[in-house]
Amino acid sequence: MTTTLSDRVSQSAFDGSMIRVVLLMDLYEGTQQRFFEAYEKLRSDIASVPGHISDQLCQSFENPSQWLITSEWESAPQYLAWVNSEHHAEQVKPLGACARVMRPLKFTVLRETGRGYDQASRPATARLQPMPRLGAGIVRHALTFTVRPGSEKEVASILSSYASPAARVDDHTRLCRTSLFMHGNRVVRTVEVKGDLLAALRHVSEQPEVRAVEEAINPYLEQDRNLNDPESARMFFMRAAVPAVHHIEAGEPDTADVTRHALFYPAKPGCGQVLARFLALQDEAAARLADSPVRSSSIFQRDDIVVRLIDVRGPLDADPEAVLGVRGPRKAAVLDRLTVAAGKRAGAAHHTMNLITDRRAPAQS
């Protein structure tokens with residue numbers, strides 16, 4: 001059976017589809033009224049965000065401590081631009097202070113039923129995802145933060161020396177792979193989870209060996225945090241989150257010569273989303289080439305931070321253009337215009353991150 005490009009792209013924020021965001025919340029006892037008032041204060045701000053269509057605030061009629069916020073957006077990039085902004089982080093502080101648990105879920109819209117969906121008030125730019133995407137049930141996520149210049153070797157040593165946490169989270173969730181890279185004083189940790197991402201991240205954070213590592217690197221962080229303060233920890237990891245915006249793979253089993261790498265693309269101010277979209281298009285074009293050494297590519301983007309995680313067959317320097325994500329001088333020139341690079345036409349070596357650790361869970365654990 002022939003694998004088509006649509007089969008290979010299991011995730012994309014750039015197909016123009018509408019997105020539905022669901023936020024499930026369980027509040028601390030006695031905070032329901034305070035939570036409601038906090039939401040009322042920011043409701044008008046949400047309504048004026050570009051790309052926002054509508055939202056609903058719902059309270060469980062069975063349990064008044066359980067709340068649900070749903071919102072509809074014209075496209076994923078517009079939602080991500082808002083949710084990843086510093087303004088959003090400050091907006092949701094009062095809500096987060098009331099919540100014991102917050103679980104965000106994001107969906108692209110495939111089909112709609114009901115008279116309300118035929119209304120002419122819906123933006124013309126909002127469209128449905130045409131077909132279901134295929135995938136292996138893997139959720140991909142990344143975190144990034146910076147450490148004090150001069151501490152890179154010490155931090156790398158700390159981050160590479162801990163024991164791996166148990167892969168099994170529960171009957172439905174499993175931690176599949178964790179890869180950690182550095183580029184200068186920037187740390188990027190990517191995770192692959194089968195099941196519930198938040199449950200897996202919570203599971204990892206509770207492991208003693210991981211907690212010890214996090215505490216050990218605290219003195220080296222450029223952004224202070226207190227892991228013993230739930231609000232401080234929540235805000236740190238909210239700002240550190242770099243969501244996956246595109247994933248494509250060959251759909252073939254890995255072989256022994258496939259290795260994992262990461263490339264860091266520091267975008268010029270305001271160009272992060274454009275850069276991520278550009279790289280996604282290049283990866284889709286490369287996927288049509290039978291001789292491409294890149295077996296899979298995941299693009300993570302937040303503001304002007306863009307990271308591309310790739311699995312490559314054969315030597316990394318065998319096809320530098322494919323590794324960098326561009327083929328041809330015109331494409332390289334576009335990349336130059338979108339990134340902050342050391343000199344013209346900075347090659348793959350300039351963007352390649354240093355691998356600190358790559359841990360893959362055993363097949364059965």
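What average pLDDT does the protein have, and what share of the residues score at least 70? The structure is a predicted model; its pLDDT averages 88, and 95% of the residues score at least 70. The points below cover confidence, a pocket, a strand pairing and aromatic contacts.

**Confidence**
- Where pLDDT is low, predicted coordinates should not be read in detail.

**The second largest pocket**
- The volume of the second largest pocket is about 560 Å³.
- This pocket is lined by 26 residues, of which Ile138, Arg140, Glu192, Asp254 and Arg360 are the closest to its centre.
- Strands that each supply at least two lining residues include β6 (138-146), β7 (174-183) and β8 (186-194), and β9 (241-249), β11 (294-302) and β12 (305-313) do likewise.
- The lining comprises 12 charged, 10 nonpolar and 4 polar residues.

**Strands β3 and β4**
- Strands β3 (residues 52-59) and β4 (residues 66-73) run antiparallel and are joined by 7 bridges.
- A hairpin of 6 residues leads from β3 to β4, and Cys58 stands opposite Leu68 in β4.

**Aromatic contacts**
- There are 6 aromatic pairs in the structure.
- In the pair of Phe145 and Phe236, the ring centres are 6.1 Å apart and the planes stand at 45°, so the pair is tilted.
- This pair links distant parts of the chain, as Phe145 in strand β6 and Phe236 in helix α9 (residues 230-240) are 91 residues apart.
- Phe145 and Phe236 are both buried.
- One aromatic cluster is formed by Trp73, Tyr79 and Trp82.

Technical notes: Residues are numbered from 1 along each chain as its sequence is written. This is a predicted model: local features need pLDDT of at least 70, side-chain atom pairs count only at pLDDT 80 or more; totals for chains, interfaces and linings use all residues. Side-chain values use heavy atoms; hydrogens and water are left out. On a 1 Å grid over the protein atoms alone, a cavity is a set of points where a 1.4 Å probe fits but cannot get out, and a pocket is an open set with protein on both sides within 12 Å along at least five of seven lines; lining residues have an atom within 4 Å of a point. Grid points are joined across faces, edges and corners, and a volume is the space filled by probe spheres set on the points. Helices (H or I, at least four residues) and strands (E, at least two) are DSSP runs, numbered from the N terminus. Ala, Val, Leu, Ile, Met, Phe, Trp, Tyr, Cys and Pro count as nonpolar, Asp, Glu, Lys and Arg as charged, and the others, Gly among them, as polar. Two strands pair if DSSP finds at least two bridges between them. pLDDT is the predictor's confidence in each residue, from 0 to 100. Rings of Phe, Tyr and Trp (its six-membered ring) pair if their centres lie within 6.5 Å; planes under 30 degrees apart count as stacked, over 60 as edge-to-face and the rest as tilted. Buried means under 20% relative accessible area, exposed over 50%, partly exposed in between (1.4 Å probe, protein chains only).
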